[in-house]
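A short report is wanted.

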Amino acid sequence: MDTHNENNATRRIEALKNRVQMMKDHDYYFYNQPVEQILEGAKVKVKGRTMGMYASYSYLGLVNHPRINEAAKKAVDQWGTGTNGVRTLAGTLTLHNELEETIANFKHTESAITYTSGYVTNLTVISSLMGRGDYIFSDKINHASIVDGCLMSGAEFRRFRHNDMEHLEGLLKNAPSDIAKLVIADSVFSMDGDIIDLPKTIELCKKYNAWLMIDEAHSVGVLGKTGTGIEEHFGLGDVIDIKMGTLSKTIPSVGGYVAGKKDLIDYLRHGSRAYIFSAALPPAQAAAANESFKVILDEPWRIDRLNANTKQFIGGLKGMGFDTLLTETAIVPVMCGTDEMAFELTKQCQENDIFVLPVVSPAVQEGMSRLRATVTAAHEPADIEHAMSVIETAGRKMGLIK
Ligand SMILES: Cc1ncc(COP(=O)(O)O)c(C=O)c1O
């Protein structure tokens, strides 16, 4: 790079380039590996090898479900591959309306709106609703898209300690009473796998007259007896004002949504920039998502399997002595401490055909690097047992467990 033109941007590029190169030099670069084939039983082919997949968000194993694939293919035959327009103008198909009705029914709300990614959903929804002078209270380890949405809104941004309701109450108490307030949290935290204390959060929102937005990216299909999410998990009715979710995890498609009261959704339909200024979901993706919500309800055995597999995986790893934080869900952190330890454990797993990935700083706090393993309904118990024995052998060799 031309040193005469060195500036902050070129320095950032250089710094990251060096970090990536260092990882590659140590054989510690595991990102962006192409999957060559998706196989039965949560297995994939990578570099010609069949590996157990322990990094996927396909919590109910719906990828390649025949009904969902068929719905997507039919949509392509009927509507083609793109919408060539934004929803407000020429981009809305009856398919989009059908999908939004399906989501509203699934989430027991009056209405729903979809966007083309979960990331964009958080950006646009938070920044459309909140503005300068308003207050947002966000859990410290909320997903990056929530943080970005809060910053984009220009509202006062207050972060409460992770799942710490006393801290949240203190912050709410100190905010002016006559302004708009929004409390926002992941339902299942995407790095730690634990669950927000929804009953207490609702109590505080009521007490301090704040709206509540919950990101259900990792709880749809995961929490609740029928997989409808966090309200069902806690045995509560329709108690969340803004129910955000993605179409890219349990739902094998792409996109994001918000479900809520009709007035809120109508406002977003006419006032959120990602809806007005960005193209509509492609037909195949909308149809796949629509069918997926129906499959979740029609095949509740998948949730039972996911729960059994989750219990086996967390229980097994804990029993071996690994620190898995407070996870209760399919996201299972295997704590390593330093980046190097997380990279080394990943390397040993991958060399033994277990596809799992490390999460390091700045995605998590320094010293909290980990394997972020996931388990799904598609895993076989014997395969989970094998994956755990690989992690155990590596963990003992590295001194992570005794
Ligand atoms: C909690 C949470 N919210 C939002 C997103 C963004 O969703 P998408 O991948 O659909 O853009 C993610 C994705 O990882 C997530 O984990």
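A crossing of two helices is left-handed if the near helix is turned anticlockwise from the far one by less than a right angle, and right-handed if clockwise. Helices (H or I, at least four residues) and strands (E, at least two) are DSSP runs, numbered from the N terminus. This is a predicted model, in which local features need pLDDT of at least 70, side-chain atom pairs count only at pLDDT 80 or more, and totals for chains, interfaces and linings use all residues. Residues are numbered from 1 along each chain as its sequence is written.

**Helix pairs**

Start with α5 and α6. Helix α5 passes α6 in a right-handed crossing. Helix α7 passes α8 in a right-handed crossing too. The table gives the axes, which are lines fitted to C-alpha atoms, for helices over the stretch in contact; angles run from 0 to 180 degrees between N-to-C directions.

| Helix pair | Axes come within | Crossing angle |
|---|---|---|
| α5 (residues 118-129) and α6 (residues 144-153) | 8 Å | roughly 30 degrees |
| α7 (residues 165-174) and α8 (residues 198-207) | 11 Å | roughly 10 degrees |

The α7 angle makes α7 roughly parallel to α8. Here angles under 35 degrees count as roughly parallel, over 145 as roughly antiparallel, 65 to 115 as roughly perpendicular and the rest as oblique.

Which residues of α7 and α8 meet? Met165, Leu168, Glu169 and Leu172 in α7 meet Lys200, Thr201 and Leu204 in α8. By class, this contact has four nonpolar, one polar and two charged residues. Two residues are in contact if their C-beta atoms, placed from the backbone, lie within 7 Å. Ala, Val, Leu, Ile, Met, Phe, Trp, Tyr, Cys and Pro count as nonpolar, Asp, Glu, Lys and Arg as charged, and the others, Gly among them, as polar.

Back to α5 and α6. Residues of α5, including Tyr119, Leu123 and Ile126, meet residues of α6, including Ile146, Cys150 and Met152. By class, the contact of α5 with α6 has seven nonpolar, six polar and one charged residues.

**The seven-stranded sheet**

Seven strands form an open sheet in the order β4-β10-β9-β8-β7-β5-β6, and the pairing is mixed. Strands β4 (111-115) and β6 (156-160) stand at the edges with a single partner strand each, so one side of each has no neighbour in the sheet. On average, neighbouring strands of this sheet are turned by 20 degrees against each other, direction ignored. Two strands pair if DSSP finds at least two bridges between them.

Strands β8 (residues 211-215) and β9 (residues 242-246) pair in the parallel sense over three bridges. Met213 stands opposite Ile242 in β9. Helix α6 packs on the sheet and touches β5 (135-139), β6, β7 (181-186) and β8. The direction of α6 makes about 165 degrees with that of β5. Helix α8 packs on the sheet as well, touching β7 and β8, and its direction makes about 150 degrees with that of β8.

**The four-stranded sheet**

Another open sheet has the order β1-β2-β3-β12, with mixed pairing. Strands β1 (37-39) and β12 (354-355) stand at the edges, each with a single partner strand, so one side of each lacks a neighbour in the sheet. Strands β2 (residues 43-46) and β3 (residues 49-53) run antiparallel, joined by four bridges. Val44 has Met51 in β3 as its bridge partner.

**Around the ligand**

Which residues come nearest to the ligand? Of the 14 residues around the ligand, they are Gly118, Tyr119, His143, Ala217 and Thr246. A residue is near a molecule or strand if its C-beta atom, placed from the backbone, lies within 6 Å of it. Helix α5 gives the most to this shell, with three residues. By class, the shell has two nonpolar, ten polar and two charged residues.
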